[in-house]
Amino acid sequence: MDKSSPYSFFKLSHQQINRYFCCMSLVKNIQKSVIDTLTSIYSSSFSEKDFQVNQTKDEFEGDYTIVLFSLVKSLKSSPELIGKQLGENLITRYPDLFTNYNIIKGFLNLSIADEYWNTLLHQHHHDSCFGKHPINGKKVMVEYSSPNTNKPLHLGHLRNNFLGWSVAELLKANGYEVLKSCIVNDRGIHICKSMIAWQRFAHGATPATTNKKGDHFVGDYYVKFNDEYKKEVKELVEKGMNEAEAEKNAPIMLATQQMLNDWEAGKPEVIDLWKKMNGWVYEGFEVTYKTIGSDFDKTYYESDTYLLGKDIVQAGLDKGIFFRKEDGSVWIDLTADGLDEKLVLRKDGTSVYMTQDIGLAQQKYDQYKIDQSIYVIGDEQNYHMKVLKLIAQKLGLPYADDIYHLSYGMVELPTGKMKSREGTVVDADDLVAEMIATAKQHTEALGKVKDFTSEELDVLYKTIGLGAMKFYLLRVDPKKKMIFNPEESIDFHGFTGPFIQYTFARIKSILRKEALTENSKNESTLLPLEKEVLFTLEQFPSIISEAAKELNPSTLANYLFSLAKTFNSFYAEHSIGNAESEKKKQLRLQISVMTSIVLQSGMQIMGISVPERM
RNA sequence: GGUUCGGUAGCUCAGCUGGAUAGAGCAUCAGCCUUCUAAGCUGAGGGUCAUUGGUUCGAAUCCAAUCCGAAUCACCA
């Protein structure tokens, strides 16, 4: 796997840094004031690396904590003394930021002034751009989805699609121009397999005549091929052939190989069949993509790109980076880098996967002059992507360092990997349909939306069902493999999409009844739960940039859950409509509005919409 | 065998650039709807953070070794 950090493309220009300071996060503010204060007390220079700023634990008083131990050595003083001097000075120097401090062991706990929270709320409660960062002029391509045109999408594709889409949105929110791309694997021996099977067994059937979704229709013939192939191999083995020979010489396999040759030679009837069957698959994919909300700015087809990269190989040969073996095949020796020798051109001169990928990377760069190229591909291809980047670097290609493999773990079943041969693949369309049906069932049982039209209900079921599914797949760290148990349906309670959607709908319900009339700054003394919501809201911009830096939507999912949970506690404890005073009511309405905006924009980045009512 | 990734509550996962008594959700148990949506809220039980050693004021987090699991090392893509 590519271990280099995606951080490199987060370098900010001078101007952007200035803009950034205008809306500096609270933690950054605290760091800066501590640095300035330490510098003036001890007259030497400090940086944010000299101490840690943590959230204060619940059992202590305060909001943020400075860990003092790391300062003890260099200042040759006790933590208590440093804490006292620092705390005293911070309060006198920044009365708008800090109101109180206490020291327990080596921890300086600071209380943030209500003034700070009131200002935050005043400035941002209606700010639909809160959390978004200014345009930075960088262009990123995110390649994701990459389906094969011989079978329908499955659960693994869903994780890929949601991840890719969400990462693109995260980058946009951080000021990048993003191009979403998709490479369709539309040619090759596996495609010919379904073609052969259709030719032999379909008797002219089509998706239309069988009333089947095109991708599933074609996928069935892919399965049919494998059944037939197995049967033929078994027969040959029974006739005394050894297994390896039988696998090579099964008539249906020979026919398939012949078909691939014909395809490459451009034989018209093969090309026509290929176009027809791929067309069916694309029709099916389009339905699925539309439902799950995947879209692309640029689609590449392997049938167009599979010949690319040969000129780059030739250039590499000329430079002596590649070498030719006696049989004519071309290789690169990566043993010095701890890897193996890698083939880049077959002995017959045709290109391999690696060659095509280099060619495609070049094409992307030539076409769009992108600053960063992110590949959302499963971790089974870590080695391939590592080699790809290394080869590009050795060739000195300008985009080499900007290749980043966003490697994600497989989705496994409790019984292990999904295997198409054993029929344990969770089909994407089936799962989506099931989720929507479950959403319907839950909603009907609760009986809250009886006045909805049937169109509105359909939209709502889709919103909730897809919301649950997307959240479920995005809430886990992408790098890690995850386990999906199809026996237990995806939950609608707790750490889930519907929980957050529900929180949003509740807020909207209040806002339909109670008007936010006052937009002036509220000078209230804040109750603990009011402050806790504001405390969480304040972190949203930092979370957005952190999630983008790590290319990790699960950071956002965790944040949104904790925000919703905090708001729900606040909601259960304090009445908004019947607040103690008009001032409190307006304050709480502002908090509610801001929470709803943050929930909505955060969920939007995850590709999940939030309903006004549910 | 080489390389890479992972092992935290019964289950699914956070926390991992070292900081206070390791957190959520689900499941289990006990409470809360005649006032804003109970898809909610409050509380309880549940842990030798795989094991062993090291680094230090302090380790789930860093280092080393071991055990277990996974991926990969194709003239497939």
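How close do the axes of helix 6 and helix 21 come, and at what angle do they cross? This tour of a predicted model begins with that pair and then visits further places in the chain.

**First stop: helix 6 and helix 21**

Select residues 155–173 for helix 6 and residues 540–550 for helix 21. Their axes come within 9 Å and cross at roughly 125 degrees, so helix 6 is oblique to helix 21. The crossing is left-handed. To see where these helices meet, display the side chains of Leu170, Leu171 and Ala173 in helix 6 together with Ile544, Ala547 and Ala548 in helix 21.

**Second stop: helix 5 and helix 23**

Next, select residues 114–124, which form helix 5, and residues 582–605, which form helix 23. Here the axes come within 10 Å and cross at roughly 60 degrees, which makes helix 5 oblique to helix 23. This crossing is left-handed. On the side of helix 5, the residues in contact are Asn118, Leu120, Leu121 and His124; helix 23 contributes Leu587, Gln590, Ile591 and Met594.

Now turn to the aromatic side chains. The model holds 24 aromatic pairs. Select phenylalanine 471 and phenylalanine 495: their ring centres are 5.5 Å apart and their planes stand at 80 degrees, so the pair is edge-to-face, the term used for planes over 60 degrees apart. Phenylalanine 471 belongs to helix 18 (residues 454–474), while phenylalanine 495 lies in the loop between strand 14 (482–483) and helix 19 (497–513). The two residues are 24 residues apart, and their pairing links distant parts of the chain.

Then select Tyr64, Tyr116, Trp117 and Phe535, which ring pairs link into a cluster.

Select lysine 325 and tryptophan 331. The charged end of lysine 325 sits over the ring of tryptophan 331, 3.9 Å from the ring's centre. For another case, select lysine 369 and tyrosine 365: the lysine lies over the face of the tyrosine, at 4.8 Å from the ring centre.

Serine 373 is found in strand 11, which covers residues 372–378. Its relative accessibility is 8%, so serine 373 counts as buried, the limit being under 20%. Which residues does serine 373 touch, leaving aside those up to four places away in sequence? Display Met141, Lys364, Asp402, Ile403 and Tyr404 to see these contacts.

With a relative accessibility of 17%, leucine 236 counts as buried. Not counting residues up to four places away in sequence, leucine 236 touches Met241, Ala246, Asn249 and Ala250.

**Last stop: the whole chain**

Of the 614 residues in chain A, 53% are buried. Among contacts between residues at least 6 apart in sequence, 74% join residues at least 24 apart.

How values were computed: Residues are numbered from 1 along each chain as its sequence is written. Chains are lettered from A and ligands numbered from 1 in the order in which they are written. This is a predicted model: local features need pLDDT of at least 70, side-chain atom pairs count only at pLDDT 80 or more; totals for chains, interfaces and linings use all residues. Side-chain values use heavy atoms; hydrogens and water are left out. Rings of Phe, Tyr and Trp (its six-membered ring) pair if their centres lie within 6.5 Å; planes under 30 degrees apart count as stacked, over 60 as edge-to-face and the rest as tilted. Helices (H or I, at least four residues) and strands (E, at least two) are DSSP runs, numbered from the N terminus. A charge sits over a ring if NZ of Lys or CZ of Arg is within 6 Å of the ring centre and within 35 degrees of the ring normal. Axes are lines fitted to C-alpha atoms, for helices over the stretch in contact, and angles run from 0 to 180 degrees between N-to-C directions. Angles under 35 degrees count as roughly parallel, over 145 as roughly antiparallel, 65 to 115 as roughly perpendicular and the rest as oblique. A crossing is left-handed if the near helix is turned anticlockwise from the far one by less than a right angle, and right-handed if clockwise. Contact means heavy atoms within 4.5 Å. Buried means under 20% relative accessible area, exposed over 50%, partly exposed in between (1.4 Å probe, protein chains only).
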